[in-house]
Amino acid sequence: MSSRLCSSDNWKEGLRICSLNKLGLRCLGDLFVLILQLFLGFRVVVAVGALENNGGGGDGSDVGLDLTGGYYDAGDHVKFGFPMAFTATMLGWGLIDFEAGHSSAGQLEYGRAALRWATDYFLKCHSSANELWGQVGDGYADHAFWGRPEDMTMYRPAYKIDTGAPGSDLAGETAAALYKIDTGAPGSDLAGETAAALHAQELYSFADQYRAYGDSIWAAADFYRSWSGYGDELCWSSLWLYRATGDVNYLNKAKQFWGEFGVANTPSEFSWDNKNAGSQALFSMLDGGSEYTNALSSFLNSMRSKPTTPGGMVYVSEWGSARHAANVAFIALMANKVGVDGSTNYNWGKQQIDYLLGTYSGRPFVVGYGSGPERPHHRSSSCPDMPEYCDGNWAMTQGGPNPQTLYGALVGGPGQDGSYTDDRNDYVKNEVACDYNAAFTGALAALAESG
Ligand SMILES: [Ca+2]
């Protein structure tokens, strides 16, 4: 029953039932397995609005294209291509290198379907060799509306990069994301994978040849400003294309970018903005040279020397503090996999995830898990069941739990002093986002895999 309802072909049927059934019927008694199941429930929920033939069903119509699909960004309904592509890249990375963890949790097919949902959208967005649609929806108009995506009526403009206004970071990250579907299940759409590979190579060339900072899409800049520039995406996408194709030209480009853009320098975070730590880990895996493993070791040592919350969560940034902890936990668990300070990194990565699940924090930061948040800053889950009218003011301000449970969503997270309130209006500590769950998923799979 649950597997039918939860299959990728039936996302629209009984999503809450799907998640509940997973909990009730498929919990294997392992904490990480349970959470991994929860997470994928969240990702499916985020996809719903785009699946329905409304609430985004006309996306792209203003430019004569079909740009439906993909994922809404967070508590809102804008489709921001840059963090969405990073989300897909990280979901794919977890599926590739922690496949056994996904399998043991019974989540491999759902993870692949969730990834495919993103990459199918990116294929639509890449409308010609040097043209990529990187955003649908205006952030300000969207944020002024509180309700379900099915009920939104605002104009949802599409924004692109092209040779006149390029964006190497967006194009590079999307190229990196697209190759992940090569890891599809046996018998999956090989023609689709080939098409994606071609799109990825075109996007990579576009990123490399038309170098520019991705704030070419000005509408994204106030929400996802590309602070770190595009050098990290050029190195990162080169490594992913090398890994996918075995073409040493991509490896040589990655080595060039490693030096040109200072990728060895210790970054302050690993995120949708800055992928250098990911490149350090990928280089350690694919090449293994000491300059790469030393850089990775230095990054993780720097993370261990950062301030923490009471209970030991590394505190990188106020916004999405839990997400930052999950992101570097993923890198730590990957470092363990490639033999860089193995047990130190494994134990530290596990400690970070344990904190997010409540072991050292006293409360989980995952919706629908134990005493986790009940009032996440997320529009559609704060509305009552359809077809009941959703009064935005009520939905935003009512004191009870969100009527819909957003199973598996990681919320923003605590302040440095450990402070946290389950407040729907607190978009710093209590919003959810696709990118918050991206590396978190792979970290959970890594821990599920190691038992
Ligand atoms: Ca960047």
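This is a short walk through the model, one selection at a time.

**Before you click**

You're looking at a predicted model, where local features need pLDDT of at least 70, side-chain atom pairs count only at pLDDT 80 or more, and totals for chains, interfaces and linings use all residues. Residues are numbered from 1 along each chain as its sequence is written.

**Whole chain, coloured by pLDDT**

pLDDT is the predictor's confidence in each residue, from 0 to 100. Its mean for the protein chain is 85, with 84% of residues at 70 or more. Now pick residues 1-30: pLDDT is below 50 there, although the stretch has 40 contacts in the model beyond near neighbours in sequence. Two residues are in contact if their C-beta atoms, placed from the backbone, lie within 7 Å. Residues 46-54 also stay under 50, with 26 contacts beyond four places in sequence.

Switch to cartoon and you'll find 18 helices and three strands. These are DSSP runs numbered from the N terminus: helices are H or I with at least four residues, strands are E with at least two. Of the 451 residues, 56% count as buried. Buried takes 20 or more other C-beta atoms within 10 Å of a residue's own, exposed is 12 or fewer, and partly exposed is in between, with C-beta atoms placed from the backbone.

Select strand 2 (residues 132-136): five of its five residues are buried. Strand 1 (residues 79-80) runs antiparallel to strand 2 and is joined to it by two bridges, while four bridges link strand 2 to strand 3 (residues 158-161), also antiparallel. For DSSP strands to pair, at least two bridges are needed between them. Click V136 to see both sides: K79 has V136 as its bridge partner, and V136 has A158 as its partner in strand 3.

**Helix 4**

Next take residues 81-97. Helix 4 has 17 residues and reaches 24 Å from first C-alpha to last, close to the 24 Å expected at 1.5 Å a residue; the expected span is 1.5 Å times one less than the number of residues. Here 16 of the 17 residues are buried.

**Helix 12**

Jump to residues 248-260. The 13 residues of helix 12 should span 18 Å, and the end C-alpha atoms are 18 Å apart, which agrees. Show side chains for Y250, K253, A254, K255, F257 and W258, the buried residues of this helix. They pack against helix 11 (231-245). After helix 12 comes G262, whose phi is positive, near 60°.

**The largest nonpolar core**

A nonpolar core is a set of buried Ala, Val, Leu, Ile, Met, Phe, Trp, Tyr and Cys residues joined through C-beta atoms within 7 Å. The largest one has 116 residues, and A326, I331, L356, L410 and A443 have the most contacts inside it. Centre on I331: beyond four places in sequence, its contacts are F270, A277, G278, A281 and L300.

**Last stop: the annotated pair**

Which residues does the UniProt annotation "active site" cover? The unreviewed entry lists D422 and E431. Such annotations may be inferred rather than shown by experiment.

D422 lies in the loop between helix 17 (392-397) and helix 18 (434-450). D422 is partly exposed, with 17 other C-beta atoms within 10 Å. Beyond four places in sequence, D422 contacts P373, E374, R375 and N430.

E431 is in the loop between helix 17 and helix 18. With 21 C-beta neighbours inside 10 Å, E431 counts as buried. Its contacts beyond four places in sequence are A74, G75, P376, H377, V411 and G412.
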